[in-house]
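Please read the following note alongside the sequence and the structure.

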Amino acid sequence: MSASASLHCIPPQLAREIWPQVREKLYAAVRRTDLSHTVDIARDVLHGDGVLWLACDGQEIEAAAVTLLTRTDRHLVCLITALGGSNMESWLPLLSEVEDWARSEGAALVRVMGRPGWVRVLKNYHVSNVVLERAL
């Protein structure tokens, strides 16, 4: 499958300008999973700790993602902390470009936190951990 969209890594100095156009795509994804907080995603992007990515088809922004490099005791890890949009078949193949970027930054792993449905579409990824929860 080839991408019909193109991927753009947004320089931190432009993130504030673009943020209003993609905020709701990302917030919808964050709220759906409840794995992080919208305030944290915004802070990461607007303060330059997170990297904002756009998948565009012409002038249309089809999806947006936020990555964050974090160090564990063993590895530098690229976390995809938020990913939201539409028309997934056009931009999902672009994930390889994020992986290439993470590798060039010295990351040993790319991790995705999200809905269980990602397991079906991210064929080169595996489940390494699970989150179990009980509502109280």
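1. Which residue in strand 5 does Val77 stand opposite? Val77 stands opposite Leu109. Strand 5 covers residues 109-112 and runs parallel to strand 4, with four bridges between them. Strands are DSSP runs of E with at least two residues, and helices are runs of H or I with at least four, numbered from the N terminus; two strands pair if DSSP finds at least two bridges between them.

2. The model is predicted: local features need pLDDT of at least 70 and side-chain atom pairs pLDDT 80 or more, while totals for chains, interfaces and linings use all residues. Residues are numbered from 1 along each chain, and side-chain values use heavy atoms, with hydrogens and water left out.

3. Strand 3 (residues 60-71) runs antiparallel to strand 4, and nine bridges join them. A hairpin of four residues links the two strands. Within this pairing, Leu83 of strand 4 is the bridge partner of Ala65.

4. Strand 4 (residues 76-85) is mostly covered, as eight of its ten residues are buried. Buried means under 20% relative accessible area, exposed over 50%, and partly exposed in between (1.4 Å probe, protein chains only).

5. Thr38 belongs to helix 2 (residues 38-46). Thr38 counts as buried because its relative accessibility is 13%. Beyond its neighbours within four places in sequence, Thr38 is in contact with Tyr27, Val30 and Arg31, where contact means heavy atoms within 4.5 Å.
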